Amino acid sequence: MQQHNVLILDFGSQYTQLIARRVRELNIYCEIHPYNKIPENLDNFKAVILSGSPYSVRSEEAPHPDLSGIRGKKPLLAVCYGAQYLAHFSGGLVAPSNTREYGRANLSFVKDGENFFKNISTGSQVWMSHSDTIKNLPENGVLLASTHDVENAAYKIEGETTYAIQFHPEVYHSTDGTQLLKNFLVDIAELEQNWTPNSFVESTVNGLKEKLGDDRVILGLSGGVDSTVAGVLLHKAIGQNLHCIFVNNGLLRKNEYKSVLKQYEGMGLNVKGVDASERFLSALEGISDPETKRKTIGRIFIEVFDDEAAKVENAKWLAQGTIYPDVIESVSVNGGPSATIKSHHNVGGLPDFMKLKVVEPLRMIFKDEVRRVGASMGIDKELLGRHPFPGPGLAIRILGDITSEKVRILQEVDAIFIDGLKESGLYNSVWQAGAILLPVNSVGVMGDERTYEKVVALRAVESTDGMTADWVNLPYEFLQKTSNKIINNVKGVNRVVYDISSKPPATIEWE
């Protein structure tokens, strides 16, 4: 399998995943581990990066790992908290800053002839986020860069390949951040840029062949990007020994069950479609509480999935489309639980329930990498570009109880909205879009008659990972056309509103 080139030690920064993404964008493989769970065998790691942290190095609770196996032995880049940590425990001085150093700043001094700052000049914009500052450099520290307010913005340790910066190269606002990471990883640590989608496919397929042999594997497909890419990787490795199950819970988009099934069959996957919509809808009858709806859908899914999986004789493995953020988030930097299996919206609780071993081909890659891997295997662009869709489907976009009539209304509205985005060339500039059926009736006038019908809200957001999101400023003409089309064509709706809330404070979904 892949070489574990870069080790990122996570001290709890909100930006740690961004560091990993920037490193991966340089085609260099990296892994994130909590600072208090440093891998015992460091032989595979050729360089180490220390992340930022919400802690102050001066506090008693501050993370204080033993870096004796790393420092001076491997190229080391310390970011923000990491830089202060090295200074504080190596003869330097870290003190509270008179002003909170937060936001954009510009380099006012850069030491000449340093590989670390190759192709980065004075004036380059960087992003600061700390309330402490390094007053005195550590023993053998050499100043490399300053900003107007932060004298010791970057330094190195003489006699080691150890570099430290008090700004965040991983965030978008540090304009030469990627260049700096490249200077450290490629020029100084001498890492090869050989982590590509093709290399991932090759090593993963070989690894799956070795791990699974002639065993049979069951995969719950959802129509989404992650489970699809996982399915194609497994199919490449074990062919017809992969048994895919695609369940229609009655809460999918309009015509989605048939169209996705057809698409999967065209890809050569061994797929069985199970239409259990009646079973789901009758179990949901009269339930309005969002969490109860989710749990009910999860329970019925497991029952349906288990019924079908039992028909696959001698199945040994359950495949899941778990991706790297799920793995990272399940490992707490505060000494919490070790990596746990994602409660995936399609297979929550299945491993214990079915006594199958779990295989997760995508567990070490990010969403954008999943798409690139899918593209390298020739998966249809339209499928790879699909917006995320919640596991409970339209159930959490129908506020209140679920009925087949409400599902019909929302499917019609959603289809007009999504098709309209595609026809207007707006679909690919939106991260996720959908319609919400509100538990509100409003007065309207159609022809000469008063109506008392449903209100629907349209929602479209832009985001890179779903953690934060902004509402999309869709053109008024598009909204006007869409609203007219919905009201004229969907019986039961007489009012359309557009949701202009960002996340935070609102969430992407309404339930």
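Author: In helix α4, the residues Phe200, Val201, Ser203, Thr204, Val205, Leu208 and Leu212 are buried. Buried means under 20% relative accessible area, exposed over 50%, and partly exposed in between (1.4 Å probe, protein chains only). Helices (H or I, at least four residues) and strands (E, at least two) are DSSP runs, numbered from the N terminus.

Reader: Before we go on, what kind of model is this?

Author: It is a predicted model, in which local features need pLDDT of at least 70 and side-chain atom pairs count only at pLDDT 80 or more, while totals for chains, interfaces and linings use all residues. Residues are numbered from 1 along each chain as its sequence is written, and side-chain values use heavy atoms, with hydrogens and water left out.

Reader: What do the buried residues of α4 pack against?

Author: They pack against β10 (216-221), α5 (225-238), β13 (315-319), β14 (357-359) and α11 (367-376). A contact here means heavy atoms within 4.5 Å.

Reader: And what comes just after α4?

Author: Gly213 follows, with a positive phi of about 55 degrees.

Reader: Changing topic: is Lys293 buried or exposed?

Author: Lys293 counts as buried, because its relative accessibility is 0%. This lysine belongs to helix α8 (residues 290-309).

Reader: Which residues does Lys293 touch?

Author: Leaving aside residues up to four places away in sequence, Lys293 touches several, including Leu284, Ile287, Ala395, Ile402 and Glu511. A polar atom of the Lys293 side chain lies 3.0 Å from the backbone oxygen of Ala395.

Reader: How many helices and strands does the chain have?

Author: The chain has 14 helices and 18 strands. Its radius of gyration (taken over C-alpha atoms) is 26 Å, close to the 24 Å that the globule rule (2.2 Å times the number of residues to the power 0.38) gives for 511 residues, so the chain is as compact as a globular protein of that length.

Reader: Where is confidence lowest?

Author: Helix α10 (residues 350-354) is lowest, with a mean pLDDT of 52, whereas helix α13 (residues 404-423) is highest, at 97. pLDDT is the predictor's confidence in each residue, from 0 to 100. The chain averages 88, and 92% of the residues score at least 70.

Reader: Over which residues does pLDDT stay under 50?

Author: That holds for residues 335-351, for which the model has 42 contacts beyond four places in sequence. Where pLDDT is low, the predicted coordinates should not be read in detail.

Definitions and conventions:
Polar contact = N/O pair within 3.5 Å; in protein donor to acceptor, adjacent residues only side chain to side chain.
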